[in-house]
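Dear colleague,

Please find below the structure that I am handing over to you.

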Amino acid sequence: MSNALLRSVLAWAGGDCLLCGAESGAELLCAPCISDLPTLPGCCPRCALPSPAGTVCGSCLNHPPHFDGTLALWRYEFPCDRLIQALKYRARLALAGYFALSLVSRTFAEVDVIVPMPLHPKRLAERGFNQALEIARGVARRLHKPLEPRGVLRIRDTTPQTGLPYEERAKNVRGAFQCSLDLSGASVAVLDDVMTTGATLNEVARVLKRAGAARVENLVIARTVPR
């Protein structure tokens, strides 16, 4: 990503880096903080967890998920976690543009349509916006692909996944989504901010495959990596 292009996306009125508070001119983040974002080298192309030589991991071979691939920009740890929380809980919407451009600067499978991870109407009313949709708008615009913000709905107000043990998360989201789209033969990108166990994305992929999707690719900002 060129410095000029990055500056054009990160331009904002603050003048101070969102992470460290240093003078950043017209940029959202200063250069040192951008370089500190934790990368994800050598990952499984399906679930984006660490894997030797970047091959499909044993877990995905033994228990294949419904999704076919995952592109994750960074590990979900400092300082990336602060940026996601700033967008999600403090409505720093300028970050959505930065995340969108960062995603489209990477190489991933060709997609036909983009679906943002939906929020339940109750959660959407509380927050006022869907952070996944805000990022997805920028991705769809830059890729010149259709965006389907209402084609997949969250029909159950589930318990937040962060409060559940890993083994309970798949059960928690089972049957939580509904798809009204005809996706026969389509390649679909599902956009979300954070992928932890992958249970929610896996359930969305299951619903999309039932609607005819031939391939489901996850596009996520950050991946939680177990230590």
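**Overall architecture**

The protein contains nine helices and six strands; these are DSSP runs numbered from the N terminus, with helices being H or I of at least four residues and strands being E of at least two. The model is a predicted one, in which local features need pLDDT of at least 70 and side-chain atom pairs count only at pLDDT 80 or more, while totals for chains, interfaces and linings use all residues. Residues are numbered from 1 along each chain as its sequence is written, and side-chain values use heavy atoms, with hydrogens and water left out.

Of the 227 residues in the protein, 50% are buried. Buried stands for under 20% relative accessible area, exposed for over 50%, and partly exposed for what lies in between (1.4 Å probe, protein chains only). The accessible surface comes to about 10900 Å², and carbon and sulfur atoms hold 52% of that surface; the areas come from the Shrake-Rupley method with a 1.4 Å probe, and for residues only the protein chains shown count as cover. Among contacts (heavy atoms within 4.5 Å) with a separation of 6 or more, 70% are between residues 24 or more positions apart.

Leaving aside neighbours within four places in sequence, Phe99 is in contact with Leu73, Trp74, Leu83, Ile84, Leu87, Ile135 and Ile221.

Helix α4 has Cys80, Asp81, Leu83, Ile84, Ala86, Leu87 and Lys88 as its buried residues. Their cover includes β1 (69–75), α5, α6 (121–127), α7, β5 and β6. Just after α4, Ala91 adopts a positive phi of about 55°.

Within strand β6 (residues 215–223) one finds Glu217. This residue is buried, at a relative accessible area of 6%. Not counting residues up to four places away in sequence, Glu217 touches Gly69, Thr70, Leu71, Phe108, Ala109, Val111, Val188, Ala189 and Val190.

**Salt bridges**

A salt bridge is taken as a side-chain nitrogen of Lys or Arg within 4 Å of a carboxyl oxygen of Asp or Glu.

The side chains of Lys88 and Asp193 form one of them, at 3.5 Å from N to O. Because Lys88 lies in helix α4 (residues 80–90) and Asp193 in strand β5 (residues 187–195), the pair ties together parts that are 105 residues apart in sequence. Asp193 is buried, with 5% relative accessibility.

Glu110 and Lys145 form another, with their closest N and O atoms 2.7 Å apart. This pair links distant parts of the chain, 35 residues apart: Glu110 is in the loop between α5 (94–104) and β2 (113–116), and Lys145 is in the loop between α7 (131–143) and β3 (152–154). Glu110 is exposed, with a relative accessible area of 57%, whereas Lys145 is partly exposed at 23%.

Arg137 and Glu134 also form a salt bridge, the closest N and O atoms being 3.8 Å apart. The two residues are three places apart in helix α7, so about one helical turn separates them. Both count as partly exposed, Arg137 at 40% and Glu134 at 23%.

**Cysteines**

A disulfide is defined as a pair of cysteine sulfur atoms within 2.5 Å, and a search of the whole structure finds zero of them. For Cys47, the closest cysteine sulfur is in Cys57 at 3.7 Å, which is too far for a bond. Cys60 is likewise in no disulfide, the nearest cysteine sulfur being that of Cys57, 3.7 Å away. Cys47 is buried at a relative accessible area of 7%, and Cys60 is buried at 6%.

**The loop between β4 and β5**

Ser180 is located in the loop between β4 (177–179) and β5 and is exposed, with a relative accessible area of 60%. Beyond its neighbours within four places in sequence, Ser180 is in contact with Arg150 and Gly151. The C-alpha atoms of Ser180 and Ala211 are 7.8 Å apart, while the two residues are 31 residues apart along the chain.

With kind regards
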